[in-house]
Amino acid sequence: MLEYAGGLINLLSSGAVTTIQIFFLTLIFSLPLGMVIAFGRMSKKKWVREIFKLYILIMRGTPLLLQLMFVYFAPYYWIGLNWDRFIAAIVAFSLNYAAYFAEIYRGGIESIPQGQYEAAQVLGFTKTQTFVRIILPQVIKRVLPPISNEVITLVKDTALVQTLGVSELFRVAKNESSRIFSTSPLAVAGIYYLVMNWLVTKALHAMEKRLSYYK
Amino acid sequence: MLKAQNLVKKFNDNEVLSGISFEIIKGQVLAVIGPSGSGKSTMLRCLNLLERLDGGCVEVEGEVMVRTDDNGNVIYAPEADLRRIRLRFGLVFQNFNLFPHLSVMQNITEAPIRVAGLKPEEAKELALGLLEKMGLSDKAEAYPYQLSGGQSQRVAIARALAMKPDILFFDEPTSALDPELTGEVLKVIRMLAQEHMTMVVVTHEMAFAKEVADRVIFMDKGLIVEEGSPEEIFNNPNNERTKAFLNVLKSY
């Protein structure tokens, strides 16, 4: 029994590594991409704004599961391109999460009082300096709580990638569960997710605490 | 030092400045008074390029910042020139607009380092000198949320002075302060006046305007109704509207 438990943990850990890779790669791409989309969404040009609005509508208005399958299968049906499942998953997740992050950033940026821009302008800061040194640090503090929500959801959403046949934590647990005719692999996988989110929550709290030096 | 002619500013159909002309003279304090909505703040914001004029001409020591051609087109100097001209102005806001994520020291040194290109040590030294002058030497490492309104405004003044402006503008610098805190800010402005800092002060503090200003402009409904020395405006106003405005204030 104990021997089997060790084997199960080894097996699930290999799946968890894939899950963690999906998690970090998605964040690395979607966090900056969200900023680009937020700027597009706030563009002075109406047609640019409309394009990004439509993008956000599609990304937030359709199931992530559908997007995932679409990104992976569409190139195959269109041009016969058979691309890597893992890469397809990262692309789909990044595009989707970036839309959510964009709206959070936009809310943060728009909540900064006009007086901050004016004070910076009068002191002679360029637009870039104003954004990077005055606005952005304040935005980060304000958006951290809503970003945290999304990041925690992302940990759990990685389970969707199993539909593409990527052997991440959930798929490994599910297969093992059918094989040995027991739900214990699923329960252990649940503990894995819980621990990951516990760590994520701790890290995000630490960041919030670091930014609590001002109001 | 600065010559403004026929300034016009509209917000949609609402004309806020209806053609005002005045001059800012080096080393003098110009007080701008008048009822709410008379265009005082808008005038200041236009001069500081926070709003764009719809007409008029502004010259800063002979350099044209903005002019209006014969067809009524408003032409601003190229962006690079405007940036340079802007650095000759400092503006102190009613609501301070300190940067909340930066310490008092960083609030003051950020622009001298990033914009004026001072070395961090030089900027820090400059800031310490200014803080001492403002009576805030012990607040260098504090953050804006830890300051009272009067302290915040004095930091804002120090921040503006750190860029060594030729003209310092004040947009109702004591209007957001509790009455017991206005004194400490007025004291600082008075001290700057004694050092012959060129200043334009939009204010509701009549006693202060009377005491500190070299010249006073009374504005109403987007026009300069009366201009003169403090004695002329406060003791001997010619215009009926000036008289009415000052009488209302006296009755409080």
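Guide: Contact means heavy atoms within 4.5 Å. This is a predicted model, in which local features need pLDDT of at least 70 and side-chain atom pairs count only at pLDDT 80 or more, while totals for chains, interfaces and linings use all residues. Residues are numbered from 1 along each chain as its sequence is written, chains are lettered from A and ligands numbered from 1 in the order in which they are written, and side-chain values use heavy atoms, leaving out hydrogens and water.

Visitor: What share of the contacts in chain A between residues at least 6 apart in sequence join residues at least 24 apart?

Guide: In chain A that share is 75%. For chain B, 64% of the contacts with a separation of 6 or more are between residues 24 or more positions apart.

Visitor: How many helices and strands does chain A have?

Guide: Chain A has 8 helices and 0 strands. Helices are DSSP runs of H or I with at least four residues, strands are runs of E with at least two, and both are numbered from the N terminus. Chain B has 9 helices and 11 strands.

Visitor: What makes the radius of gyration of chain B agree with a compact globule?

Guide: The radius of gyration is taken over C-alpha atoms, and the globule rule is 2.2 Å times the number of residues to the power 0.38. For 252 residues the rule gives a value near 18 Å; chain B has 18 Å, so the two agree. The C-alpha atoms of chain B fill a box of roughly 50 × 45 × 30 Å along the principal axes. For chain A, the box is roughly 70 × 50 × 20 Å.

Visitor: Why is A:S177 called buried?

Guide: Buried means under 20% relative accessible area, exposed means over 50%, and partly exposed lies in between (1.4 Å probe, protein chains only). A:S177 has 12%, so A:S177 is buried. This residue lies in helix α7 (residues 169-180) of chain A. Not counting residues up to four places away in sequence, A:S177 touches A:S182, A:T183, A:P185 and A:L186. Buried residues make up 43% of the 215 residues in chain A.

Visitor: How do you know that B:T182 is buried?

Guide: The relative accessible area of B:T182 is 12%, therefore B:T182 is buried. B:T182 sits in helix α6 (residues 179-194) of chain B, and beyond four places in sequence B:T182 touches B:T174, B:L177 and B:E205. In chain B, 56% of the 252 residues are buried.

Visitor: Why is B:R52 called partly exposed?

Guide: B:R52 has a relative accessible area of 37%, so the label is partly exposed. B:R52 belongs to the loop between α1 (40-47) and β4 (55-60) of chain B. Leaving aside neighbours within four places in sequence, B:R52 is in contact with B:K9, B:Y76, B:E79 and B:L82. The C-alpha atoms of B:R52 and B:V74, 22 residues apart along the chain, are separated by 9.1 Å.

Visitor: How do you know that strand β1 (residues 2-11) of chain B is joined to strand β2 (residues 14-24) of chain B?

Guide: Two strands pair if DSSP finds at least two bridges between them. Here 8 bridges join β1 and β2 of chain B, which run antiparallel. One bridge partner pair is B:A4 with B:F22 in β2(B). β1(B) and β2(B) form a hairpin with 2 residues between them, and B:N12 in the turn has a positive phi of about 55°.
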